[in-house]
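Please consider the sequence and the structure shown here.

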Amino acid sequence: MSDSMRKGLGEQAQEKLTPDSQKSTAEQGTEKLTSMGDKAAGAVQPGDSKSTTQELGDKARSGADSTQNTAGSYLNQASDKASELTNKSSGSMPSAGEAQDTGKTYLNQASDKASDLTNKASQSMPSTGQAQDTGKTYLDQASEMASNAAKTVSDTLS
């Protein structure tokens, strides 16, 4: 660790690049705890006492966390709407097309927000590849889950 016991960017990158399947449960737990500690230390450490790389790493992590939270929120909305539509199995049930359109709307909102956050992160920092990759991963996951939800609704309505 560097910068007052902070994790170095190389150490963080190595942890991310090594698949969890190649780590013991103890290693995974240790990484999680030290990452949480590093995140907390980064939040309380004044910016003028951070090295440039540590400051860039903190900003990238913050951008990735924000993207993750926003994508997760939109994903939850899409999931809730899909559940709501699935549960309406009687009465004035929307058509499969309406359910798919609703799913597409939420997916587009998630995509737009993730894209906006990724663009903001890339504008505020010269090196945001990790944040962009994380945002893309969450966007892909949101897209897949929304597609599955729309398919479930469509199958339920059929």
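Which residue forms a salt bridge with Lys-23, the closest N and O atoms being 2.7 Å apart? In this predicted model, the partner is Glu-31. The side chain of Asp-20 also meets that of Lys-23 in a salt bridge, at 3.5 Å from N to O. The count of salt bridges comes to two, and Asp-20, Lys-23 and Glu-31 are linked in a network.

Lys-23 counts as buried because its relative accessibility is 11%. Glu-31 is buried as well, with a relative accessible area of 18%. Asp-20, at 47% relative accessibility, counts as partly exposed.

The structure also holds two cavities of 30 Å³ or more.

| Cavity | Volume | Lining by class |
|---|---|---|
| Largest | about 80 Å³ | nine nonpolar, two polar, one charged |

The lining of the largest cavity includes Lys-81, Leu-85, Thr-102, Gly-103, Tyr-106 and Val-153. Helix H3 (52-87), helix H4 (96-124) and helix H5 (129-157) each give two or more residues to this lining.

Around the second largest cavity, the lining consists of Tyr-74, Leu-75, Ala-78, Tyr-106, Leu-107, Ala-110, Ala-142 and Ala-146. Here too, H3, H4 and H5 are the elements that give two or more residues. Ala-78, Tyr-106 and Ala-146 line both cavities.

Methods: Residues numbered from 1 in each chain as written. Predicted model: local features only at pLDDT ≥ 70, side-chain atom pairs only at ≥ 80, totals over all residues. Heavy atoms only, no water. 1 Å grid on protein atoms, 1.4 Å probe; cavity = no way out; pocket = protein on both sides within 12 Å on 5 of 7 lines; lining within 4 Å. Points joined across faces, edges and corners; volume = space filled by probe spheres on them. Helix = DSSP H or I, 4+ residues; strand = E, 2+ residues; numbered from the N terminus. Nonpolar A, V, L, I, M, F, W, Y, C, P; charged D, E, K, R; others polar. Salt bridge = Lys/Arg side-chain N within 4 Å of Asp/Glu carboxyl O. Buried < 20%, exposed > 50% of the residue type's maximum accessible area, 1.4 Å probe, protein only.
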